[in-house]
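Here is a brief report on a predicted complex.

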Amino acid sequence: MTKAWIKYPVMFVAFVLLQVLILNQIHLGGFLNPYIYVLFILLLPISMPRYQVLLLSFLIGMTIDWFSNTLGLHAAASVLIGFVRSPVMALISVREIEQSDYPGLKQTGIKWFLAYVVVLVLIHHFFLFYLEVFSFVGFFRTLLRSIFSTAFSVVVIVLSQYLVFRK
Amino acid sequence: MRDLYRFILRNHVIFLFILLEVLCLVFVFNYNNYQKSRFLNSSSRFTGAIYTRYNRISEYFRLSTVNRQLAEENARLRKLAGVPKTARLIPDTLRGIQSTAFQYSYVSAKVVSNTVNRLQNYITLNKGSKDGIKPEMGVISADGVVGMVTNVTPSFSTVMSLLNVRWNLSAKIARNNYFGTLSWDGKDYRKVYLSDIPFHVTLLTGDTVVTSGFSAVFPEGIALGTIEEISKEGGSSFYTIAVKLFLDFKSLSWVEVIENNRKNELDMILKRSSNDEGLD
């Protein structure tokens, strides 16, 4: 239990730095913006009280906003997925999450994990990009942007599970 | 009353969610006001320091590009300095214009963070109020206008990039002096749009677009880009002109902040005239 007290703060700092220093500089064709800091919210313990999940989502969203001059934007999208996280988990399947408290790829299996990540990242990116544009002008452009960025983020997240979070 | 408490307690997650979400949306839609606040943006001491430290490492990977840019800028400045002093002065009958050469002074600064992929892009510089930078100063580089300072702390400043859909710049066509408004549509970071040029003006692709000098922020005649495409949209009596920028925002590393030495004087006389009105 004590390990979580070190692990999550380290993850928080690592994800924020990775996002603002490296991934925010990536923009393939001005189109693809991967946002993988959401993985922090996805990897919070399953048994964590939901109000704590919401507060932590708000915190990491605000931190990203602080660095990228977009006050409230990332926080709004993060709080949304912090809220829908446990309904989505229950919707996919309860069996896997009963086996472990940590929703990593190794613990839950590739099928469950992929469904979990795709659904939540998709919600996050859709909300983020449409809120940023705040109009349905260029609807399809924003739609494509959300879908491709989601694909990019999901690939990076799944790869990170194989490379960094192996244990 | 107890039922109410119980109701809130039972649904505390939903209430907290709505509270946080509303708070975020208030932030999003009041952003321009919060931009003025001293914290929660990239020029704060904490975020500025992190960007500077990271920049110290990452700049090694861009040294060759930066060297080339600085060499080009040196060449440009040497060309200016090489012209005999007398030739640079404008004919003495136009005394008003002559002194504009001394109206602006420049502070060079380094870009420590920059984006081009948002709708509202901002740039962070490593100079702040200690170096004489104030909000609403213009920022340029060797290839054109970069943006305008929106926020300063003692050692950092935030610049609203030209690539920001919330900002327009007054610009004109160098060949015939027709002026219009330059704005970005949030898509291609190499392309901006010039509007308000009426149909009777003859335009050529390849014409140079420069700053108009109508605002106190930028001097007149800074080259911005060339006309790439001219189109007429139905229902409008103005051209839509796509301008290809000279400046590559992706490789931006050193910039100059412009100080208008006459700005105080201008503000003072404006203030004085408005005070006089008040007395009457």
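## Confidence

Chain B has a mean pLDDT of 80, and 84% of its residues reach 70 or more. The predictor gives the complex an ipTM of 0.86 and a pTM of 0.68.

This is a predicted model: local features need pLDDT of at least 70, side-chain atom pairs count only at pLDDT 80 or more, and totals for chains, interfaces and linings use all residues. Residues are numbered from 1 along each chain as its sequence is written, chains are lettered from A and ligands numbered from 1 in the order written, and side-chain values use heavy atoms, without hydrogens or water.

## Interface

Chain A puts 36 residues into the contact and chain B 35 residues. The buried area (accessible area, 1.4 Å probe, that two parts lose on being put together, summed over both) is about 3400 Å². Carbon and sulfur atoms give 70% of that area. W66(A), N69(A) and L71(A) supply 24% of the area that chain A buries against chain B, more than any other three residues.

## Contacts of F40(A)

Leaving aside neighbours within four places in sequence, F40(A) touches Y8(A), M11(A), F12(A), F15(A), L56(A) and I60(A).

Key
pLDDT is the predictor's confidence in each residue, from 0 to 100. Contact means heavy atoms within 4.5 Å.
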